[in-house]
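Thanks for coming. I have one model to go through today, and I will keep it brief.

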Protein chains: 2
Amino acid sequence: MELLSTQSDDDRQPQLTRNDWIKAALDALIADGVEAVQITTLSKSLGVTRGSFYWHFENRNALLTALLEEWRAKNSDMMAEALTKSPTLQDGILDLFAVWVDHEKYDPSLDQAVRDWARRSGEIRAIVEKEDNNRVAAIASFFERFGYETTEAFIRARVIYFTQLSYYQLNIDEPLAKRASYLAAYFRCFTGQNIDDEAATKFLHRIASKITPPETLPGQT
Amino acid sequence: MELLSTQSDDDRQPQLTRNDWIKAALDALIADGVEAVQITTLSKSLGVTRGSFYWHFENRNALLTALLEEWRAKNSDMMAEALTKSPTLQDGILDLFAVWVDHEKYDPSLDQAVRDWARRSGEIRAIVEKEDNNRVAAIASFFERFGYETTEAFIRARVIYFTQLSYYQLNIDEPLAKRASYLAAYFRCFTGQNIDDEAATKFLHRIASKITPPETLPGQT
DNA sequence: ATGGAAACATACAACCCTGTATGGATCGGA
DNA sequence: TCCGATCCATACAGGGTTGTATGTTTCCAT
């Protein structure tokens with residue numbers, strides 16, 4: 001199934017597509033949460049009236065389910081894929097870090113918004129929970145592949161994934177230099193082993209180009 | 001400053017106090033988030049009209065700031081206190097676990113609700129961020145006290161605290177037996193050391209009485 | 001060019017939530 | 001007893017959001 005294929009951000013296109021609405025809704029979801037996904041607000045930001053929306057969608061719920069589908073298509077199985085083809089433990093962990101840093105393959109803000117949404121909807125919560133279990137299981141089986149005992153692999157997978165989740169939840173954004181100084185400690189804590197110095201510097205150089213600029217957060221009381 | 005001192009859940013009391021409103025608002029905040037803290041809803045659940053609310057509070061914002069004050073008075077400095085008086089590393093970590101298990105000293109659902117609230121309010125976010133930094137710093141200085149190097153202590157503090165945050169965020173609730181089987185792995189991952197078997201069983205016996213029953217979550221689309 | 005569907009505008013009804021203004025009931029103290 | 005403060009009910013205004021019903025325009029195909 002196709003993802004968003006917005007032709008351009010040019011406001012000159014007189015006709016809106018269904019995906020234009022979804023794209024605007026995703027922005028609103030990420031920026032201000034589900035309750036900010038309002039037809040009135042979106043129509044204003046798109047420069048049309050609400051009549052347009054009700055031509056493309058049946059109602060607001062149809063838009064929300066479309067948003068969830070976008071999330072599934074975008075943020076699923078990314079980590080599992082990165083882990084299966086890594087030859088060594090060190091490479092796998094670093095590949096995992098790379099996925100979390102490269103926000104083109106994995107969108108943490110969308111992930112966070114959906115997880116936030118899940119706290120208010122039982123259906124969404126069940127879906128997210130399943131996805132989380134899959135991710136942890138993928139990391140756990142990776143650890144097992146390199147000799148870690150079953151429960152130890154599972155716990156280490158949890159710790160590394162949970163830490164990353166909170167990292168996003170608290171919206172921590174540190175400069176690369178600081179992250180670099182933390183790398184060895186993170187690696188030791190997560191794996192129980194020491195990282196190779198050469199591999200560490202190589203990794204840092206590899207991700208240096210993919211660091212995202214600090215995003216400004218919304219917020220008003 | 002006084003906390004909630006609701007005299008009883010007896011619906012027979014004809015007069016409501018300010019704390020009755022705060023208590024109901026806290027329940028709503030924990031169950032369904034900030035936007036569920038509505039004067040209309042609360043007044044219905046309390047069996048009065050909205051006129052009562054506007055006698056006790058100036059407006060909705062006054063109630064929200066009161067909620068934040070409740071959180072600060074309840075969930076602050078709990079972990080730091082537990083850590084400073086622990087003689088050994090092992091005791092300190094286990095004491096920390098105990099605090100997180102004992103939901104009378106530390107209310108994770110309230111903590112989670114406030115942190116959820118913070119994602120939509122800049123002011124709240126700043127306050128929560130400060131509190132989070134304090135907690136991590138407390139754990140980090142604890143690790144330093146037992147010989148861990150500065151950044152390693154900081155990262156281990158982050159990992160242990162972040163893991164716990166996600167644990168609450170994902171609302172994981174496992175039976176005690178399962179938790180018990182994870183304890184050694186958690187401890188090794190967090191500290192890099194092996195836990196003493198005797199201390200582990202003693203700890204499990206100690207917290208067995210303080211396990212909270214699984215809470216049912218709300219949620220409708 | 002013209003009929004018709006696609007895409008959007010307009011207008012209206014219904015609901016929900018906040019805030020305010022004001023009236024009514026209850027209770028203790030002088 | 002009666003007066004005033006406390007506590008709550010009633011009523012209304014205002015703003016915001018979702019749907020729906022119905023025009024109006026644009027554009028393509030025949």
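A note on the source before the details. What you see is a predicted model, in which local features need pLDDT of at least 70 and side-chain atom pairs count only at pLDDT 80 or more, while totals for chains, interfaces and linings use all residues. Residues are numbered from 1 along each chain as its sequence is written, and chains are lettered from A and ligands numbered from 1 in the order in which they are written.

Now the protein contact. Chain B contributes 33 residues and chain A contributes 33 residues; two residues are in contact if their C-beta atoms, placed from the backbone, lie within 7 Å. On the chain B side, the elements that give two or more residues are H8 (122–145), H9 (150–169) and H10 (176–191) of chain B. Helices here are DSSP runs of H or I with at least four residues, strands are runs of E with at least two, and both are numbered from the N terminus. H9(B) supplies the largest share of that side, 11 residues. By class, the chain B side has 10 nonpolar, 12 polar and 11 charged residues. Nonpolar means Ala, Val, Leu, Ile, Met, Phe, Trp, Tyr, Cys and Pro; charged means Asp, Glu, Lys and Arg; the others, Gly among them, count as polar.

Next, the DNA. DNA strand D is surrounded by 18 residues, the closest being Gln38(A), Leu16(B), Val48(B), Thr49(B) and Gly51(B). A residue is near a strand if its C-beta atom, placed from the backbone, lies within 6 Å of it. Of the surface near DNA strand D, the largest share, four residues, comes from H3(B). That surface divides into six nonpolar, nine polar and three charged residues.

Around DNA strand C there are 17 residues, and the closest are Leu16(A), Val48(A), Thr49(A), Gly51(A) and Gln38(B). Here H3(A) gives the largest share, four residues. The classes near DNA strand C are five nonpolar, nine polar and three charged.

Last, one residue. Leu42(A) sits in helix H2 of chain A. Is Leu42(A) buried or exposed? Leu42(A) counts as buried because it has 24 C-beta neighbours inside 10 Å; the cut-off for buried is 20 or more other C-beta atoms within 10 Å, with 12 or fewer for exposed and partly exposed in between. Leaving aside neighbours within four places in sequence, Leu42(A) is in contact with Trp21(A), Ala24(A), Ala25(A), Ala28(A) and Phe53(A).
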